[in-house]
Amino acid sequence: MTDSPNPWRNAAIDWRLVLMSLVLAVLALAFGLMSDGLFFSPENLYNIAQQTAVVGIVSTVMVLVIVARHIDLSVGSVMGFVGVLIAYLQYSANWSWPAACLAGLAVAMAVSIYQGWLTAVLGVPSFVVTLGGLMSFRGAAFLVADGKTQPVTNDFFLRLGGGYDGGIGTTASWVVVGLVSLGLLLRAVQKRRTRQHHGVATDPLWMEALLVGVPIALLLAFASAMNHYQISSKTEPQGIPVPVLIWAVVAGGLSFLVHRTRFGRYVYAMGGNPDAAALVGIPVKRVTLQLFALLGVLITIAAIVSIARLNAGTNSLGSGMELYVIAAAVIGGTALAGGSGSIFGSVLGALIMQSLDSGMLLLDVSIGKRMVIIGQVLIVAVVFDVLYRKFTGDR
């Protein structure tokens, strides 16, 4: 089969994600110029990477929740509740950190399954259920430790949050990026061979090289920036932060669930048409409960990373995070009406949100103005999504 005569039209490219990538690049260049290059300093890039990880971890699963035509407004409060509980068990109850984390996981899954049961079985709108959860579990976070901050001190646990000596080092960073780059290359080669074997038109080699080469180049640039960051002249370069690796594993795992498992296909089918999904035999209630249980797992992971980064569990942990998580999903192209969205889009959305906030902070923009701008950016993203779907006919 000969190469496609119109490669750009027929290539498997999500142009909305390409546009979001360009927006992120333009945003970074603008802040780089306005901050005299400070935005691109290794220290700032390191901070952006590890600060985005917590929102990024939860936004990956929030994509699936929204795709299935649900919402969870309580993720920030539940994360605060679980985080304070894990810290309390370590500091006040003298539990080991693995036991405390398992207890936190059990509580998070119980909370999420409870809210999912009210939605899936009783039919209570998830907006109402989780709105109540937003208030209730913020109060529960206060009750766990009577409003007192719970410090954590285990050295290994603290590394999970990045911060001081929270990177994997230069050698390990190059090894990780090298393995991921090799995986991307082998996947592209295998995909091309499979298409040729089945007589399906393939893209020109130069286009496939571009589609693989750009991500690999970005990975190498990222590793180089992380490997140039040193906390002081007496310390070794940090390398890729541990929270970023956790985020990458989570995003990769959920991407596998979406594209390679029955569960992922069911979630998108439910979002496209819930009634039709039920009629063809998809167990809508069970899948919804599984989806909320998965949300509980990732909330626990985010809580662990967050308290490890802060060195403590506080009552304010996760305050307002639900807004950033939903915004990251929406900016990344997830339709609020359900049925469409991507894990990689949530990664881009989280990076755009954090880069915007970090850039304005470098420019000494006041907190009030930052909130106004970020809120309007979310509105612009939704407007763009509506116009894009009308223009392309994508429903």
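## Aromatic rings

F40 has a relative accessibility of 39%, so it counts as partly exposed. Rings of Phe, Tyr and Trp (its six-membered ring) pair if their centres lie within 6.5 Å; planes under 30 degrees apart are stacked, over 60 edge-to-face, and the rest tilted. Together with F31, F39 and F40 make one aromatic cluster.

Searching the whole structure turns up six aromatic pairs. Among them is Y46 with Y229: centres 4.6 Å apart and planes at 35 degrees, so this one is tilted. Y46 belongs to helix α3 and Y229 to the loop between α9 (205-227) and α10 (242-260), so the pair ties together parts 183 residues apart in sequence. Helices here are DSSP runs (H or I, at least four residues), numbered from the N terminus. Y46 is buried at 1% relative accessibility, and Y229 is buried too, at 12%.

## About the model

This is a predicted model, where local features need pLDDT of at least 70 and side-chain atom pairs count only at pLDDT 80 or more, while totals for chains, interfaces and linings use all residues. Residues are numbered from 1 along each chain as its sequence is written, and side-chain values use heavy atoms, with hydrogens and water left out.

## The packed inside

Which residues touch the most other members of the largest nonpolar core? They are L64, M79, I86, F157 and M321, in a core of 73 residues. (A nonpolar core is a set of buried Ala, Val, Leu, Ile, Met, Phe, Trp, Tyr and Cys residues joined through side-chain atoms within 4.5 Å.) Helix α13 (residues 284-310) gives the largest share, 13 residues. There's also a second, separate core of 17 residues, including L27, I331, L356 and M360.

Now zoom in on F157. Leaving aside neighbours within four places in sequence, F157 is in contact (heavy atoms within 4.5 Å) with I86, Q90, W97, C101, V152, I304, I307 and A308.

Key
Buried means under 20% relative accessible area, exposed over 50%, partly exposed in between (1.4 Å probe, protein chains only). Helices (H or I, at least four residues) and strands (E, at least two) are DSSP runs, numbered from the N terminus.
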